[in-house]
Structure formats: structure tokens, C-alpha cells
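Please examine the structure shown below.

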Amino acid sequence: MRMHTYLPREYGSHYVCPEGVTLWRRTLTGVEMQLTAAVSFLTILQEESVSIHTYAHSFLQVILLHLEHRDAGVSNAWLETLLSVIEVLPKETLRHEILNPLVSKAQLSQTVQSRLVSCKILGKLTNKFDALAIKREILPLVKSLCQDVEYEVRSCMCRQLENIAQGIGTELTKSVVLPELIELSRDEGSSVRLAAFETLVNLLDIFDTDDRSQTILPLVKSFCEKSFKADESILISLSFHLGKLCHGLYGIFTPDQHLRFLEFYKKLCTLGLQQENGHNENQIPPQILEQEKKYISVRKNCAYNFPAMIVFVDPKNFHMDLYSTFFCLCHDPEVPVRYTIAICFYEVSKLLNSGVYLIHKELITLLQDESLEVLDALIDHLPEILELMSTGGESSVQENKLSSLPDLIPALTAAEQRAAASLKWRTHEKLLQKYACLPHVISSDQIYYRFLQRMFTIMMTNNVLPVQKAASRTLCIFLRYNRKQEQRHEVIQKLIEQLGQGKSYWNRLRFLDTCEFIIEIFSKSFFCKYFFLPAIELTHDPVANVRMKLCYLLPKVKSTLKIPADKHLLQQLEMCVRKLLCQEKDKDVLATVKRTVLELDRMEMSMDAFQKKFYEKDLLDQEKEREELLLLEMEQLEKEKQQNDGRPMSDKTFEKKRRDTKTPTTLPKNIPISVPGPTSGTQSTSKEIKKSKLIRSQSFNNQAFHAKYGNLDKCAGYDLSATHILT
């Protein structure tokens, strides 16, 4: 029940019935009702159901009244509401209704809960007053609570010092807040010392070099020494904040201190791994089990901070100072540690730059990890990692440096097979999507023999639709960058025969998905040459779902046509649609056909020559077609190089031929692996386009396709001018 639904609304005069407020005070008795009321009051504020003046007049006292409820959950709920209210209340209201009563609420004579609430309210109020008012009215209360007799109060107030420091500025922070933090860092309560340490770390940017070197660095050193000897409670926090410490204290360490801090980090990275307790796993004492969990958290935090430590030691010193530690983290027996280092792997690769070859083996290790969680974390940035490794961190390098890593391809294929065998299909889908980067990092033959056939198998046998679609799209990208004409033709033929003409209607549906990806990734002429007729042939499919899916695809199919060159294909499309209109018996398919005809009617045809309205799309399509032609020309040049008198062609001769044909020696990368967007390119005249089309190799005999698909029955006696509708 949303309680604020029953609360009185204001009606023009910004007034809420005072009797209603009294009623709310009396009825808010049960814990569940209190929690509902706190949430409702917060909702009223967030939705601006009443004005701020009315809210303060009618609701503020109710909120303040229940801050010290005996149930901790209720008290916290009302406190959260109050802290949100403080953000919007005017300064005078805050002073009279909240700040002034805090003077008495923060006294030692009040309950611990009252003083804890006061700490949190003071931390919030500092953002609402100027530095002078804070110094005069708030800081005395802050000092009093920092010296409270209860460690919970001291710890709570210590954690609010960060907010207070941001409100009072650098000078007051150095003169007031820093001395309090130093004193609290030596407190007898471990939770207070921990709060002081974390607050100091968060405030490092405020302090100048002298304060950091003379005051904070000795404190950090003391924390590090005590954490192993007598105060393991701060180990988790210390390991988590190591990155901030490295950044905040950079340039402060002497060489000796720098070395000690690095050794301290290395020790944390292996904490708990050397211990042998001798207990059976089923009989581990609770205290040892708790300690092991703590050590796992420490190592996980160290993995999280590993990129910061590379900056700390300088990437040039990685092999000498940190490689062994990185190796240990990648081989840690606990999954959370390996998962975290897998997340950081891309950052580590970027930082190492030309030294990225040093962690090739660790990439293989994580790809082969038995935990799919680790694999899932690694593949988020797998394309970027492989790109860095293939170039050695240098964008201008032409030589592929992954050739020196023979274990990569087996590791990638094994990772996909593990994901496929699991129930985590989303990881499998993501991995297949990321494999679309492979044409940029390994050879076309390697993809063809190790990955492309596997994509076919997944499309044909996997039962998860998103996985099948991911495999289909990746296969299309593999086909897009394949550099051997014979292999391309084989793949195209398999797509048409095993999917488009397959016995299973499910395979024919996947063929239509593949056609959609082909339209997206390839040029219009490529689709029209190989896939246009096999696609529209599915208008004869015996399964209604296939025909319906084709109807949804027809507008995209028509968009690939150029007039007048593709006029014969347009006629084939018209006959197919006409036949559907005449002979379709399924009412759902027929309704879809009629909607599709209206959409086709609104479409404008692209012409062979550039048109202003289609300029960007035509330019992109021309760029795609040009790169498809370049792949054919590159294959021809490679053959010439190999067959030049039985000897390899000299580099000079090959370079001359490459310049003559304006063909790059590496695969073009300006078409994105994901959804392509507009790209810039040089314009070509229509003569050049026609000349390029003549150069393209012929794999299938188009006349065979026309013979097969050209004898469609014409619709008779149905008075719909489909020809005019579609053109």
C-alpha cells in the first residue's frame, strides 16, 4: 500500500490539514507502517507532490520525531528520508529546525543512537552552509563527537570528516580535520582506526606535498607494518586502497620506501597461499575459514589495483618487478581473484604497450580457465587485447606478432567449446560476437579451417536463438574478409544449400537472418549477385513462419536494388509479391504481406548514379564494394607473387604492382566489425564502378539461378497493380 496516496493534498493555498499530521503521528506505530511511511514521505519529496514550504511545515516534524525509533531499520529509513530532505530545504529552515536541536542531541547525555544520527546529519549539513558558519556552529560539535566515549560514535563521525573537509576548504581541513584524523588513527578501536585510514586516503588530493610526506606517509607506513603484526582488520581496506595511495603519494617515496611498498604489495598478492593448515576440507575450523575468506578478499583487491601498481613501478620495469606477481594472480586458486585480474587484463595490456608480448602466456591461461566467470570477464575486451598483441602495442606495425603465439587458436577454440557445453548461453553468445575481430588478428586460412566451419555447426545444431544469430553474424564477417575466392564460393554455396534450401524450417529461418546480416555487412551488388534470388524463392516455402519472416525482410531486400541495372531482379520481386497476394492462405501471413506492400510502395529506388538523398548510403555501399574488389585483387597479386618463375616475387616488384592497383598490403579495417556507420571515401565515376563490377570474379553462374527462379506463375484476376506498387 502506498501510504502517500491517502495523505491530504494541497489545494491552491499550499496548506495541509494539521489534523492530518496529528493523525499520522498517532497511526505510525507498527514497524511495517513506519517503513512504509518513511518511503512514502521520500516519494512525496521526489515527485514534488507538494511545495518545499508545505513539505517542511507538514512533514519535517514527523520525520524528526521518528529518527530515534527503537528499531534500527525504522530509524535508518527515517534518517535516509531526512538526509534527502536536507538537500532541498532552505538554509534558515535547516538552521532552526535541524542544526539548533543538534547541539543538545549530540551531548554525551543523549543515547548512542541519537549521537550516531547527529554525526550523519552534521556530515550532510556542511554542504549547505558557508565555511564561517561551519567553523562557528558545526566544527565544535564535530570535535566533541570525534572524542566521544563510544567507539561507534567516533568511527561514524570520522567517516563524515571527508564531507566536512570538502565544505570547509583546504586551510581549515589542515588546521582542524587533519589533527583529528591523526588522533583517530591511533585510536584503541580498530573500526575507528580503519575509518581514519580510509578518510585520509580519500582526502589525499586536498593535502600538499609537505603534509603528505611529513604526516600522511608515516601514518601509511605505520598502517602497513601493523596490518601484519597486530591489526589484520585493516588488511582488506588497505589492499583495496593501494591504488589511491600509489597515485596520491606518487613522487613522495624515497627509493628505499618505494621498494618496501612494492614488496608489501607483493606480499599481499600471495597472502594465505603459503599456509598449510593440515585440516580436512570438511573439518576446517570456523576461525581458519574466516581468515581464508579475508585473505581471498585481500588478493582480489590486489588484482583490482594491479594496473595502478604498473604505473607505480613504470611499465618499463614490469618484467623485473611485477611479472612474477602477475603470474601468481593469473594462476590463483580462487576464482574471484582470477576473475578480477581478467577484468583488468585489458588495462594491463594498454599500459605495457610494446611490452605486451610479456603477458601472452597469461592470456592463454585465462582463456583456458576452468571457470566460465573468468572467461566472461576476459572476453569483454578480447578484440582490443588481441589487437594490441597483434601489433605489439604499435599502431603502425605491419607484421602480425600473434604468429609467435601458436597456442592462441587452440585456446580460443577450446574456450568456445567450453562455453557451448555449459548452460551459460549468454557467455557463449558474447564470445561468438567477440570472435568477429579475428580477421584483423589472424590469417584468413586459419579462420577458415579453425573457426568458420564451427560457425556453420552452431547455426545448424545449437538450440539457443541468440547464439545462432551471433554465429551467423560472425560467419558473415569471416566471409567478408576471406581472401580466397574458392573458399568464399564454398561458404556461399553451403549457406544456400544447407540453410536456404535445408529440410528444417528452422534452418531456413536462420538463412533469412543471415541474409539480413549480408545486407548490413556487404555491398548491395554482392547480395544481389548471390543471395537475392535464393531469398525471394522462400515465398514458396511450405511453412507460414518462413514466409512471414521473408515478408518482413522484403523492404531491406528491395533496398539493395539499383535501377536500371537490377531491373530484372525487381521484376522477380514483383512476381513473388504478386503471387503471395493471390495465393497466400494463412491469414497472418496475408496481413503481413499487405502491410509490406504498403511499405514497399513508399520506398524510393536507388539509382546507379549518385542521388543527393541517398548520397551517404551510396558512398558507403561504394566503399564496401571497393574493398570487396580489393580482396580479389590482393588474392591475384599473391598468386602472381608465388608463380613468378617458381620463385617468390621480389619485394620491389610486388610493391610496384600494389601501387599500380592501389591495393593495400593489409586487410582494410575502416569498415567496423559491428554495425557499420557512414564512412568517408573517395568518389568514383559511374564508369569506374562499372569497370570494377567487370573485374569481380564469377563463382556461380547467374544464368543457372535465373533458370531456377525465373519461372514464377503470374497472378491472374487480382486487380492490384503490384508493378506500380513496388516501383
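Over residues 138-175, what percentage of the chain is helix, and how far apart are the end C-alpha atoms? The chain is 87% helix and 0% strand over this span, with the end C-alpha atoms 15 Å apart. The model is predicted.

**Annotated repeats**
- An unreviewed UniProt entry lists residues 138-175 and 177-215 under "repeat: HEAT".
- Residues 177-215 are 72% helix and 0% strand, and the end C-alpha atoms of this span lie 13 Å apart.

**Aromatic pairs**
- The whole structure contains 22 aromatic pairs.
- One of them is the stacked pair of Phe240 and Tyr304, with 5.6 Å from centre to centre and 5° between the planes.
- This pair connects distant parts of the chain, as Phe240 belongs to helix 13 (residues 235-240) and Tyr304 to helix 16 (residues 286-304), 64 residues apart.
- Phe240 is partly exposed, at a relative accessible area of 41%, and Tyr304 is partly exposed as well, at 47%.
- The planes of Phe306 and Phe318 stand at 90° with the ring centres 6.2 Å apart, so this pair is edge-to-face.
- Phe306 lies in helix 17 (residues 306-313) and Phe318 in helix 18 (residues 318-321), 12 residues apart.
- Phe306 is buried, at 0% relative accessibility, and Phe318 is buried with a relative accessible area of 0%.

**Cluster and charges over rings**
- One aromatic cluster is formed by Phe511, Phe522, Phe526, Phe527, Tyr530, Phe531 and Phe532.
- Arg480 lies over the face of Tyr481, 5.2 Å from the ring centre.
- Lys494 lies over the face of Phe456, 4.6 Å from the ring centre.

How values were computed. Residues numbered from 1 in each chain as written. Predicted model: local features only at pLDDT ≥ 70, side-chain atom pairs only at ≥ 80, totals over all residues. Heavy atoms only, no water. UniProt positions renumbered as here; feature names shortened; annotations may be inferred. Helix = DSSP H or I, 4+ residues; strand = E, 2+ residues; numbered from the N terminus. Phe/Tyr/Trp six-rings, centres within 6.5 Å; stacked < 30°, edge-to-face > 60°. Buried < 20%, exposed > 50% of the residue type's maximum accessible area, 1.4 Å probe, protein only. Lys NZ or Arg CZ within 6 Å of the ring centre and 35° of its normal.
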